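Hi,

Here is the structure I promised to pass on. Have a look at it first, and my notes follow below.

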Amino acid sequence: MTGYRGVSFWLDQLVVTGRDDLTPRPPLDGDRTADVCIVGGGLTGLWTAWYLLQGDPGLQIVVVEREIAGFGASGRNGGWCSALFPRSAASIAEHDGLRAALAMRRAMRETVDEVGRAAAEAGIDCDYVKGGTVLYARSAVQDRAARDEVVSAGAFGDDMVHRPAADGDAAGTVGVAWTPDCARVQPAALVRGLAAALEARGVVIAEHTPATSWAAGRVVTARGTVSAGAVVVAVEGYGAQLPQTRRRIMPLYSLMIATAPLPAAVWDRIGLEHGQTFSDYRHLLVYGQRTADDRLAFGGRGARYHWGSAIRPGYDRVPRVFSHLRSALVDLFPAVADAPVTHTWGGPLGVPRDWCASVTWDGAVGTAGGYVGDGLSTTNLAGRTLADLVRGVRSDLTALPWVGHHSPDWEREPLRFLGANAGLVATDLADREEALTGRASIAARLMAPLTGGH
């Protein structure tokens, strides 16, 4: 028992199957030098290290991590390696032009394939299967939203289609949208496998080494100072706990459940194939996948924001939200009504004030994050982009519209607390409103700036 059992179903799976015992790597043992120091042992930091070595295998890279690699969102998420980006293509086109929006969409679609390719190159078995995403429209108003999304997606080069409901769809389905641009992944296997592959290539990963500050040329940790020519900061939602990034990011919790493995007869009734992920068109976001061992892993928003951007282990588990998730899952797929839930977990994701992820580089310090839950693939794009920026390489990636974007800081309390939780209430009210009226929600439209609708 390492102390990391129970953090997520995905990490537990690695232990149970003997693939990783989660034993922490040694911490930093005093001051040292490196070419690049990366703060954060999640996917953003590790992909950055991977692509830096692809460009220059001789680089000396040190990664400092407060817990263990993959402890945060990288090892707890829903396992969607998708082309989703937290800011809509229409919004990017409005602010940066059509060409920029098309380039961003193309980069995100290509990233889904790149994750699978790079994982295979690194020898990582992470259950990667590109089966696409099934999006159930379970009312007339949701079906209109689905059809509108298909039209909008097509305008930006996305190959999204719509079809009428069929046998095997979720209960009450009116229509279904489907996109091929998503792969099912075991996220903890990906991030832990990537860490092991980097370590085998000479990267130093110092775990249990919390960074306390950074500046051009150095990272100060509780275990010593790393002097480095380049610094990359990749801490996502946990940046809310650090003085230098406290108001740049807000941690919002997303929680998940996993069922016991389901028999083939149940899967025949559910209709999902291996590699497929799924969601629907409600406003209070839900997401799920069929796992490699035939479970349903299912998650969603609904946990409240905590005063002062607090992050606590106890916030990972909210019985009310888990109960809601189970009810929502059974509502979608009545065939799982008798299936036991074997795992419950959660964690914070990072939300910038304008809900737009970004990559920055000032010539000495780079950052990336603000994925709003769409990070399993976007971290890879960030890592490739940061690797080019750090090495001074101009590329199509460094010209993308999220590069150099600076989100405004979040408001101080109590405005942050009131706004974040008002947005959560509004999404729930929006679903109830649409169920009652059969029309697109007025509440959702009014609260869109607070909930990422732009």
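Predicted model: local features only at pLDDT ≥ 70, side-chain atom pairs only at ≥ 80, totals over all residues.

The disulfide count comes to zero, taking a disulfide as a pair of cysteine sulfur atoms within 2.5 Å.

Residues are numbered from 1 along each chain as its sequence is written, and side-chain values use heavy atoms, with hydrogens and water left out.

On to the packing. The largest nonpolar core holds 77 residues (a core being a set of buried Ala, Val, Leu, Ile, Met, Phe, Trp, Tyr and Cys residues joined through side-chain atoms within 4.5 Å). L46, W47, W50, I61, L190 and W402 have the most contacts inside that core. Helix α4 (residues 98–121) gives the largest share of this core, nine residues; helices (H or I, at least four residues) and strands (E, at least two) are DSSP runs numbered from the N terminus. A second, separate core has 27 residues, including I257, I270, L332 and V336.

If you leave aside neighbours within four places in sequence, W402 is in contact (heavy atoms within 4.5 Å) with residues including F85, M104, S358 and Y371.

S358 turns up again in the second largest pocket, where S358, T245, R248, T360 and T367 are the closest to the centre among 25 lining residues. For the method: on a 1 Å grid over the protein atoms alone, a pocket is an open set of points where a 1.4 Å probe fits, with protein on both sides within 12 Å along at least five of seven lines, and lining residues have an atom within 4 Å of a point. Strand β18 supplies the largest share of that lining, five residues.

The peptide bond from E413 to P414 is cis, with omega near 10 degrees, and P414 sits in the loop between α9 (375–390) and α10 (415–437). Phi is positive at two residues other than glycine: L22, near 65 degrees, and V372, about 50 degrees. V372 is in the loop between β18 and α9.

Cheers

Technical notes:
Buried < 20%, exposed > 50% of the residue type's maximum accessible area, 1.4 Å probe, protein only.
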